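I opened this entry to look up a few loop residues. Notes follow in the order I took them.

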Amino acid sequence: DFDREIKVVVLGNGGVGKTSMIRRFCKGIFTDEYKKTIGVDFLEKAQFVDALQEEVRFMLWDTAGQEEFDAITRTYYRGAGAAVIAFSTTDLESFKAVQGWKDKIIAECGDIAMCLVQNKVDLIDQAVVTPEEVEAMARQLGLKLYRTCVKENINVTEVFGYLAELHHKK
Ligand code: GDP
């Protein structure tokens, strides 16, 4: 039995690596061939969080590409204690969309724990945004920035640990 459990939604445009991130964190695997599930889907993971000095049960919800359907998104957002706003290093539209994702989270959940995630940093030589632009965006949104590579499992655990800590403080 766990004292702490937190529902985390992972948001961002299609293709930024949301499903891969959830699977990476929950199971430690990475696959290019992951097939999207249809409908509501979530994975669970118990993880010791250093900053809290205790184990937290994470319930990770994947929007599974169903972002456009309001009836479904309501279910995704309900009860969420934290959110990851993700974009891809190689997808400018996904970067431009982050403000909209933050607004959506605030509208659905209020001011919950959030952070900004730049994924696919292994593809930095194909970057469509500069580090300065990304840092300016994080400042403007008032969110802590994490740079991740889900493919090589860089910084993924840190993102969820930070969200658990921030959620605890709120
Ligand atoms: P979603 O639509 O946001 O859920 O994105 P997916 O998890 O389906 O990932 C989209 C594509 O990006 C897949 O081919 C993943 O294998 C790939 N991908 C995810 N994370 C990374 C990463 O850190 N680096 C690279 N190079 N590819 C990634």
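I count a contact when heavy atoms lie within 4.5 Å. This is a predicted model, in which local features need pLDDT of at least 70 and side-chain atom pairs count only at pLDDT 80 or more, while totals for chains, interfaces and linings use all residues. Residues are numbered from 1 along each chain as its sequence is written, and side-chain values use heavy atoms, with hydrogens and water left out.

Entry on Q126. I asked which residues Q126 touches, not counting those up to four places away in sequence. I found T89 and T90. The C-alpha atoms of Q126 and T89 are separated by 7.5 Å, and the two residues are 37 residues apart along the chain. I placed Q126 in the loop between β5 (113-119) and α5 (131-141). Helices (H or I, at least four residues) and strands (E, at least two) are DSSP runs, numbered from the N terminus. Q126 is partly exposed, at 47% relative accessible area. For this I used buried as under 20% relative accessible area, exposed as over 50% and partly exposed as in between (1.4 Å probe, protein chains only).

Entry on phi. Most residues other than glycine have a negative phi. I looked up two residues against that background.

Q53 is not a glycine, yet its phi is positive, near 55°. I found Q53 in the loop between β2 (41-49) and β3 (54-62). Q53 is exposed, with 57% relative accessible area.

N155, also not a glycine, has a positive phi of about 75°. I located N155 in the loop between β6 (145-147) and α6 (156-169). Its relative accessibility is 25%, so I logged N155 as partly exposed.
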